[in-house]
Amino acid sequence: MLRYRFAARYELVCRHEVRVMDSRCRWVRSGATGVQITQIPLNRLQGVGIIEQWRSSRGRRYRVYQVHLQTTGGSIAFGEFTSDRQNREAVAERIRRLLQQPQHPPLTLVEDNRWWGFLILAVGWGLGLPLIFIGAKVLVLVFDKTAGVVSLQYSSLLRTDKKTFPWYVLKDVAVQLSRGNKGRLLARLALELQDGRMIPLRFYYSSDVRGMQALQATIRAFRDQK
């Protein structure tokens, strides 16, 4: 039997506003089957829990864990099941702190395991937006409105390269399309600057066109926030 597993990218952005009714979380799941977006008012988010299941592999049984948001309308999963309980507890604790502290800064959690792993990030007092791509190198793309800069950091086992430029020179983020050898549509993200230059985030193209479009929408939404 051959089994294909389609992993996904999860994003949870929560923030307290002056008016309680405006405080909310934005949950996004991007995968091979498309993009799902759910807006959750914070007053309907009752808590966060960890679901535990037993799995077996090659005669060995083990437990896996998944974070679930408990809302008045039901339970919403954040992230896939993993055997790393400590990681799941850390994620749940960050969400609990946001719920318990009305003055808590905006919180962004991103888990992306569509490639070869996943990484969890949280935004602190600043309004940066981290996006993670796992590949031969790890790219951390940060939009920091407070500092007024956009930075790209490429890290590998051997070296780390970082590029930083002012926020105001960023015009847009584009999805560049290409065709593969067999005519398959490919895509990559690029930053468009005010002077017309295009800065590709990756030199190679990906077959995950919908995923690139979802990331483009996420960046644009953050850019347009007041």
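Buried means under 20% relative accessible area, exposed means over 50%, and partly exposed is in between, using a 1.4 Å probe and protein chains only.

## About the model

Keep in mind that this is a predicted model: local features need pLDDT of at least 70, side-chain atom pairs count only at pLDDT 80 or more, and totals for chains, interfaces and linings use all residues. Residues are numbered from 1 along each chain as its sequence is written, and side-chain values use heavy atoms, with hydrogens and water left out.

Let's start at arginine 44, which sits in the loop between β3 (34-41) and β4 (45-57). Strands here are DSSP runs of E with at least two residues, helices are runs of H or I with at least four, and both are numbered from the N terminus. Arginine 44 has 48% relative accessibility, so it counts as partly exposed.

Which residues does arginine 44 touch, leaving aside those up to four places away in sequence? They are Gln70, Thr71 and Thr72, where contact means heavy atoms within 4.5 Å. The C-alpha atom of arginine 44 is also 8.8 Å from that of arginine 24, 20 residues apart along the chain.

Strands β5 (residues 60-71) and β6 (residues 74-82) run antiparallel and are joined by 6 bridges; two strands pair if DSSP finds at least two bridges between them. A hairpin of 2 residues connects β5 to β6.

## The disulfide

With a disulfide taken as a pair of cysteine sulfur atoms within 2.5 Å, the count comes to 1. Cysteine 14 is joined to cysteine 25, with an S to S distance of 2.0 Å. Cysteine 14 lies in strand β1 (residues 8-15) and cysteine 25 in strand β2 (residues 24-31), so the pair ties together parts that are 11 residues apart in sequence.

The torsion about the S-S bond is about 115°, so this disulfide is right-handed. Cysteine 14 is buried at a relative accessible area of 0%, and cysteine 25 is buried at 1%.

β12 pairs with β13 (residues 185-193) over 9 bridges, and valine 173 has leucine 191 in β13 as its bridge partner.
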